[in-house]
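Please read them alongside the structure.

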Amino acid sequence: MNTDLLTGKQVEKYKFDDGSGEGSSPSFLTSSSSSSSMSSRRRKEGCVRFLKKNLLLLLTIFGVVLGFALGFSVREAHPSETVIMWLGFGGELYLRMLKMMIVPLIFCSVVAGTASMDPKSNGQISLVSFIFILASNVLSAAVGLSLALILKPGVAGGTPQSNSKMENALQTQDILADLIRNIFPDNLVEASFRKTQTRYYKEDISVSQNVTNGTAVAETVINLTKEIGKTDAANILGMIFAASLLGIAAGSLKEKGKPYLDFFIACSDTVVVVVRWLMWVTPIGVTSLIAVSVASVADVRNVFSQLGMFIACVTIGIAIHQIVMMPLTLFIFTRRNPFSFLLSIARPWMIAFASTSTAVAIPEMNYVCEEKQKIDKRVVRFVIPFSVTLSCNGGAVYIASSCIFIANLTGSSTSIGDILMIGLLTTIAAMAVPSVPSASVMAVVMILTSMSIPVGDIALLLAVEWYLDRIRSTSSVVSHTFNAAVTYHLCKKRLEEQEEAYMRRNETEMTLLSKNVEEKTEILEVINVV
């Protein structure tokens, strides 16, 4: 101990350990070093937890970047069709594996979800989700029309002309009729791989006509024959309707329907496990799909320079839909942070971008909504497939912009009434577009034909279909997941009331059962005494 000359107090003189064992380190130095080591350990543990939690997402992002790099590199070598085929082979197998699980996942999930809810809850969820789908399609069509009218794609000079033509005899009434027919499938097994589709068959008929000088002139008359046939695509809407009926019926049977319900719950959980295994192949599949898409385009720079304004119009519309319109809708109805929600759906977003199919991303959308956003699985497993069938917000932006683009390109004038009609038809087409290749392009042909606008240059849209089809698929992923969140928030009170009623009913049954057991026990005791 030494005396402080200023205060006169006894203070301890610290001795530092020089390795000889004499003295000890100051306590503040010991605590400082231990705290720094603890903080560094926490940082390492935090990094490890982050990598474990987001490893698949990081690998998928790397796959996207690698796919673009590989595609542009291979394209410079002018690959043959065989090279292109093998380049996309991994992506093809990835899509086939995911599509294999879509039908059992949707059917089992819808049966299990609807059976666990009362009819009022089922009706409320169906109504709320349908209103969301209809409203979002209308707003998306309005965004596409507004941007096309402001940017005026196709008006400026230098836009390429196309001599190729696309013919399409489908009419609005045909699409609506097919939509209603597919709601009620005539064969549930067939609905898993085929759906109803109106087709037109063209037949050239030679007709001979006599002219004034007595010579016969042959003329060719085109005869169109309409036939209600089938196309190779899963009838998801019909499966949802049938599964909902079976689920409601099983729920109404109470204890008798429990084995049936348990079977589909077990099937749904089993399929989800298999899908989670397949998700680890996503980085490879994404790399292959993007690489083959980029490598297949002959001249990317020329296409973008010639159709730049139209591409910009659709891209800006898609961005407004995903960054402004949908987040604002989610915040208004749920008061959630929409941008954290957007970050959570990054994986299904990239799957849709790579595959150009929102149906393939259904398992991942279900996982994000249930596990990360804590949305009731009964809502998720009905709303997501339902939205995939009827909602196509990105397609609505694309179809509306394409109609104005072709009208400007052909010099056709469009009045306010024509624009409103295009918006109405776009909303309908986005909900009922047929499941055929280049379906949105076919919808554009249908709308332009009904508006008496020439469709000679419609094939220009196919030049950029490889890019625009991908970004509009991502918009659908955003819309589907946001629909599940909004529907759950608006129906949450009803679902909680149903759960409370269910718990009260179970408590009452258990009380009655215990009373019966006690009475029987007392009777047995009396009998034993006697």
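1. The count of aromatic pairs comes to 11. Rings of Phe, Tyr and Trp (its six-membered ring) pair here if their centres lie within 6.5 Å; planes under 30 degrees apart are stacked, over 60 edge-to-face, and the rest tilted. The model is a predicted one, in which local features need pLDDT of at least 70 and side-chain atom pairs count only at pLDDT 80 or more, while totals for chains, interfaces and linings use all residues. Residues are numbered from 1 along each chain as its sequence is written, and side-chain values use heavy atoms, with hydrogens and water left out.

2. Helices (H or I, at least four residues) and strands (E, at least two) are DSSP runs, numbered from the N terminus. Phe184 is exposed, at 51% relative accessible area, and Phe241 is partly exposed, at 31%. Buried means under 20% relative accessible area, exposed over 50%, and partly exposed in between (1.4 Å probe, protein chains only).

3. Phe382 and Phe386 make a stacked pair, with 5.5 Å between centres and 20 degrees between planes. Both lie in helix H14 (residues 377-390), four residues apart, or about one turn of the helix. Both Phe382 and Phe386 are buried. Elsewhere, Phe107, Tyr260, Phe263 and Phe264 form one aromatic cluster.

4. Two arginines sit over rings (CZ of Arg, or NZ of Lys, within 6 Å of the ring centre and within 35 degrees of the ring normal). Arg276 lies over the face of Tyr367, 3.7 Å from the ring centre. The charged end of Arg335 is over the ring of Phe331, at 5.3 Å from its centre.

5. Which residues touch the most other members of the largest nonpolar core? They are Ile447 and Phe482, in a core of 112 residues. Such a core is a set of buried Ala, Val, Leu, Ile, Met, Phe, Trp, Tyr and Cys residues joined through side-chain atoms within 4.5 Å. Not counting residues up to four places away in sequence, Ile447 touches Ile399, Cys403, Ile422, Leu425, Thr426 and Ala429, where contact means heavy atoms within 4.5 Å. Another core, of six residues, lies apart from the largest one and includes Val74, Ile84, Leu87 and Ala295.
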